[in-house]
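The following report describes a protein model chain by chain, and then turns to the contacts between chains. Terms are given their cut-offs where they come up.

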Amino acid sequence: MNFKRIYKYGSPPNYFRLCLKYENWFTVPGFLLIIIGCYGGLFLAPPDYQMGDAFRIIYFHVPSAYLSMSAYAYMALAALVGIVWRSNVAFSVAKSIAPFGASFTFLALVTGMLWGKPMWGTAWVWDARLTSEFILLLLYLGYMLLHASIREQKKADRAASVLAIVGVINLPIIHYSVVWWNTLHQASTISKLSSPSIAGEMLWPLLVMIFGYGFFFWGVICRAGATELLKREKRSNWVKEYVEEHQS
Amino acid sequence: MNIYLKIFVREIKVSMKRWSDILTGVIMFVLVALIFPLTVGSDQMFLIKIIGPVMLLSALLASLISMQNIFKPDFLNGSLEQLTLSHHSLNGLVLMKILSYWATSSLPLVAVSVFIASTYYVTGTSLIAVVITVLLASTTLVNITALAAALTLSVRYPGALMTLILFPLSLPILIFGSKAIEYSIVGIDSSGPFYFLTGMMLLSFSLGPIATAFAIRISLD
Amino acid sequence: MNRNLLQVESLELYREDHLIFSDISFQIESGDHLVIRGQNGSGKTSLIRTICGLTQADKGKVLWNEASIDKSLFNYYEQLSYLGHKNGLISELTLDENLNYGLDQTDKDGQDQVINGFRLTDLKHSLIQNLSNGESRKTALSRVVSSKKPLWVLDEPYANLDSDSISYLNNCIGDHINTGGIVITSTNRDDSIATKTTELLIGS
């Protein structure tokens, strides 16, 4: 891959067009997969012999948790690209990932607590993965708050990006220190795909949901990133042309 | 004399003249640590159990209350600009500032921690373990603090923001520091947590000044 | 001193959607004293900070001896002495300590001469916090003047100075450009500056 091509597609107008063009390639499959996954998970999958129907919340908990972690990594990657190439596109992607990442983190926390209630008898248990999910939420909030408190957009982008990158270096350390500190959570449910510890008819809706969440996420980021970019580039000619084109 | 050494000496000298800032951190450290025996009672077994987290929490709060002092005065009087515009490595200069800040803000805490730990009935080798833990943890803490301070230089009221940045990043230090103290008091082999703290110290001193210097350039923009 | 060349190519800077300046280009070389003139708020300080590499422009670039300063920052800073709005002095240290903590290389005799020229000799061992605004400014100017760097960038150096000091500063700038230095200063006043060789008017 050569850099000229990256520059070409990474230029704001091109990125904007690409986003609008391919947005539905993510959103539509995302929705379909989520609907299929919901149906499979909530109706087709048999109830767990231990947890009964309560286990079905994993179809929302696990994808949210996966996405919350990977979204932070994507955000930090975009932040790094933004700092290295001073790319407004990358900064807008990073900035628009933050609120969605935080939302999925929040969702993972809430569903985890709902799951914990029948499982452990209490909504909150100081177990390792819930706790590091909570720390992740703090990292997202730190990024967003830092970005919001610096008035100058360019400065806010760069400062918050430094924080995101430092956060991503620290994330594994935080995660493992919390794991080491206390482990109560049941072992990861599908990490060993070769011999999954849950039955196939329970597993496939989960995988479908994970992919559905992922597609949906990227669809949303396409739109949010493009909107953010439009706001930032409002002085440039391509935005003026675009607006004139679409006014009539 | 080497330029970096000169800057280090200058920073120490300036901090000595701003002695009230140093004192603020120490007072915070002592007060937080003394609140626990005064509120939860002076039961020896219990105090020995909580000494680890108390030490690290007090150190965290002390660095939080004095963290503005590391770059803000220089930011306001313009000498930070001059530092950035010198032809010496900014990373090196920032490292010197961090080291001198550590020497003036954290070393007093290390000294005071001996006194605090004895009021918590810690004795013998455990006392040494407490001191070493505070010493090791404060080196990482000072790097994280410096980064958070540099990132928020241009924010007018950065209090809550600094806490939000500082807390998640310093969590591993709090956990392992507490474990190091707990293990050595209980008598389990505590080398694991100590290795971890040392590793974090090296990591934070190798990446911290670079990130902080970069953050300073951003904040001056 | 070697011949030096500072080029500025179509700089443009926005701050929170406000255009601060745009399309600023000039070229100065050894022996030039550029005066940037403009009203308050016309972007003089922003321009000066951009020239020094403290602020990143949205468009355009600054070249020192035909190399972009972003790419050879340390080379550039080896040649640059800057005085901003803020004096860059630490108020808890004395005048002498502030001038000699050694970020720039200085020769003692030259420095004493400059301090004497600005009539600061008696204050050499007083703390900066006990000096008046004008005296602090003169201290900061002494630092630039006694540095052995070819490029001086001074933001509003004439503000707060009495007439004796202004004429001494003019002498220093004159000497500097005659020996192949480059000086950039900014001012908001119309009165002509004796040593000026080029002028840049910014703001409407």
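Chain A has eight helices and zero strands, where helices (H or I, at least four residues) and strands (E, at least two) are DSSP runs numbered from the N terminus. Read from the N terminus, its elements run α-α-α-α-α-α-α-α. The model is predicted: local features need pLDDT of at least 70, side-chain atom pairs count only at pLDDT 80 or more, and totals for chains, interfaces and linings use all residues. Residues are numbered from 1 along each chain as its sequence is written, while chains are lettered from A and ligands numbered from 1 in the order in which they are written.

Of the 248 residues in chain A, 40% are buried. A residue is buried if 20 or more other C-beta atoms lie within 10 Å of its own, exposed if 12 or fewer, and partly exposed in between, with C-beta atoms placed from the backbone. Among the contacts in chain A with a separation of 6 or more, 78% are between residues 24 or more positions apart; two residues are in contact if their C-beta atoms, placed from the backbone, lie within 7 Å.

**Chain B**

Chain B comes to 10 helices and zero strands. The radius of gyration of chain B is 18 Å, close to the 17 Å that the globule rule gives for 221 residues, so chain B is as compact as a globular protein of that length. That radius is taken over C-alpha atoms, and the rule is 2.2 Å times the number of residues to the power 0.38. Along the principal axes, the C-alpha atoms of chain B fill a box of roughly 55 × 35 × 30 Å. Buried residues are 52% of the 221 in chain B, and residues 24 or more positions apart account for 81% of its contacts with a separation of 6 or more.

Two packed helices are described by the angle between their axes and the distance between the axes. Helix 3 (residues 44-66) and helix 8 (residues 124-151) of chain B have axes that come within 10 Å and cross at roughly 35°. Axes are lines fitted to C-alpha atoms, for helices over the stretch in contact, and angles run from 0 to 180 degrees between N-to-C directions. The crossing of helix 3 and helix 8 of chain B is right-handed; a crossing is left-handed if the near helix is turned anticlockwise from the far one by less than a right angle, and right-handed if clockwise. From helix 3 of chain B, the residues in this contact include B:I51, B:M55 and B:L56, and from helix 8 of chain B they include B:V130, B:V134 and B:L141. The contact divides into 10 nonpolar, four polar and no charged residues. Here Ala, Val, Leu, Ile, Met, Phe, Trp, Tyr, Cys and Pro count as nonpolar, Asp, Glu, Lys and Arg as charged, and the others, Gly among them, as polar.

**The sheet of chain C**

In chain C, five strands form an open sheet in the order 6-7-8-3-9, with parallel pairing. Strand 6 (80-83) and strand 9 (198-201) of chain C are at the edges, each with a single partner strand, so one side of each is left without a neighbour in the sheet. From one strand to the next the twist averages 15°. Two strands pair if DSSP finds at least two bridges between them.

| Strands of chain C | Bridges | Direction |
|---|---|---|
| Strand 6 and strand 7 | Four bridges | Parallel |
| Strand 7 and strand 8 | Four bridges | Parallel |
| Strand 3 and strand 8 | Five bridges | Parallel |

C:V153 in strand 7 of chain C is the bridge partner of C:Y82. In strand 8 of chain C, C:V183 stands opposite C:W152 and also opposite C:H33. C:L151 and C:V153 point one way from strand 7 of chain C, C:W152 and C:L154 point the other way, and all are buried. Helix 6 (residues 163-178) of chain C lies across strand 3, strand 7 (151-154) and strand 8 of chain C, running at about 145° to strand 8.

**Contacts between chains**

Chain A and chain B meet through 20 residues from chain A and 20 residues from chain B. On the chain A side, helix 5 (128-149) and helix 6 (153-181) of chain A each supply at least two residues. Helix 6 of chain A gives the largest share of that side, 11 residues. The chain A side divides into 14 nonpolar, four polar and two charged residues.

Chain B also touches chain C, with 19 residues of chain B in contact with 21 residues of chain C. Helix 1 (3-17) and helix 5 (79-84) of chain B each supply at least two residues of the chain B side, and the largest share, six residues, comes from helix 1 of chain B. This side of chain B divides into five nonpolar, eight polar and six charged residues.
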